[in-house]
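Colleague: I would like to go through this model feature by feature. Please give the general idea where there is one, and then the case at hand.

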Amino acid sequence: MTAPAVRPSPPGRFGPAELRLALAAPRPAAGLTSEFRLVDGLRTHTRRSADPGGDGTPIVLVHGLAVSHRYLTPLALALSATHPVYVPDLPGFGLTERPGTAYDVSRHAAFLAEWLAAYRLGPVCLLGHSFGAEVAAALAARRPDLVGALVLAGPTSDPAARSRRAQFGRWLVDTLREAKWQTPILLRDVLDARPWRVLATLSHSVHNTIEADLVRITAPTLVLTGARDPVVPAGWRAEAARLVPDARTAAVPGAAHNVATTAPGPVAEAIRGLLAPVLRR
């Protein structure tokens, strides 16, 4: 099912002020605060809304393979007025403890289930971006009791480009379409994770057949991308949505792969649109 198009609007600004907020953790900033809890034996960092701002469904944002909570800060802020928002750093990324190995999709999904148990959350609205969408899809397929609604934002990886070389090529194109002030975030995140972990996680990603999880998802689902996303082109966005039994699609005009960073307003609006009928059930 195709949802009405996201209301046309230019991507949100991402400049020095947004960069400072993204790099603020673990200090409190703009209503976001940091917590550290032991999850599955790892000291785990979570950036969260300090004041839920209402009684809305909790929303959990899951980052991609080379990044962390930092680039999802704009979307967390956009959602925090109406929903409790949580942005955990996956094992080895951001401010979470680094295990000795790079987790694959299944192990990240199992970790995320443990994280939800530690916070006594579920069912939640789960948003995964890029590789995080693979993790979110795996959790939704295997633990439907934990996921009340699902957003797959820029889900990797397109079967037409399922190799490290092909993904690198698409990411290089994407860098030409992204806001340049995101670069310090990426450099900081890669330094935190270590380049070897990023490469190993990419290998896990291109060997993960996300289609096997998509067909098992039962939660209402939105597959969302930037309209200018070269990593997740329109054809793969439509195919991913077709595989999920109850899914809709949306594309944010003007945005590229990091749609949650550069267009947080339209993305938050689309998430609230997905949740509206869920809350009426």
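Modeller: Bear in mind that the model is predicted. We can start with the largest pocket, which has a volume of about 700 Å³. Its lining comprises 26 residues, and those closest to the centre are Ala66, Val67, Trp171, Thr175 and Leu186.

Colleague: Which helices each supply at least two residues of that lining?

Modeller: Helix H5 (164-175), helix H6 (183-193) and helix H7 (195-206) do. H5 gives the most, with 5 residues.

Colleague: How many residues of the lining are nonpolar, polar and charged?

Modeller: The lining of the largest pocket has 15 nonpolar residues, 8 polar ones and 3 charged ones.

Colleague: Next, helices. How should I read a list of buried residues in one of them?

Modeller: An α-helix has 3.6 residues a turn, so residues three or four places apart point the same way. Take helix H9, residues 234-243, where the buried residues are Trp236, Arg237, Ala240, Ala241 and Leu243. Viewed down the axis of H9, these fall within an arc of 160 degrees, so they line one face of the helix.

Colleague: Which exposed residues does the face turned away from the buried side of H9 carry?

Modeller: Gly235 and Arg242. On the buried side, the cover over the buried residues of H9 includes helix H8 (211-214), strand E7 (221-226) and strand E8 (247-252).

Colleague: What about the backbone angles?

Modeller: Most residues other than glycine have a negative phi, and most peptide bonds are trans. The cases to look at here are the departures from that.

Colleague: Is arginine 120 buried or exposed, and is serine 130 buried or exposed?

Modeller: Arginine 120 has 79% relative accessibility, so it counts as exposed. Serine 130 has 7%, so it counts as buried.

Note on methods:
Residues numbered from 1 in each chain as written. Predicted model: local features only at pLDDT ≥ 70, side-chain atom pairs only at ≥ 80, totals over all residues. Heavy atoms only, no water. 1 Å grid on protein atoms, 1.4 Å probe; cavity = no way out; pocket = protein on both sides within 12 Å on 5 of 7 lines; lining within 4 Å. Points joined across faces, edges and corners; volume = space filled by probe spheres on them. Helix = DSSP H or I, 4+ residues; strand = E, 2+ residues; numbered from the N terminus. Nonpolar A, V, L, I, M, F, W, Y, C, P; charged D, E, K, R; others polar. Buried < 20%, exposed > 50% of the residue type's maximum accessible area, 1.4 Å probe, protein only. Arc of directions from axis to C-beta. Contact = heavy atoms within 4.5 Å.
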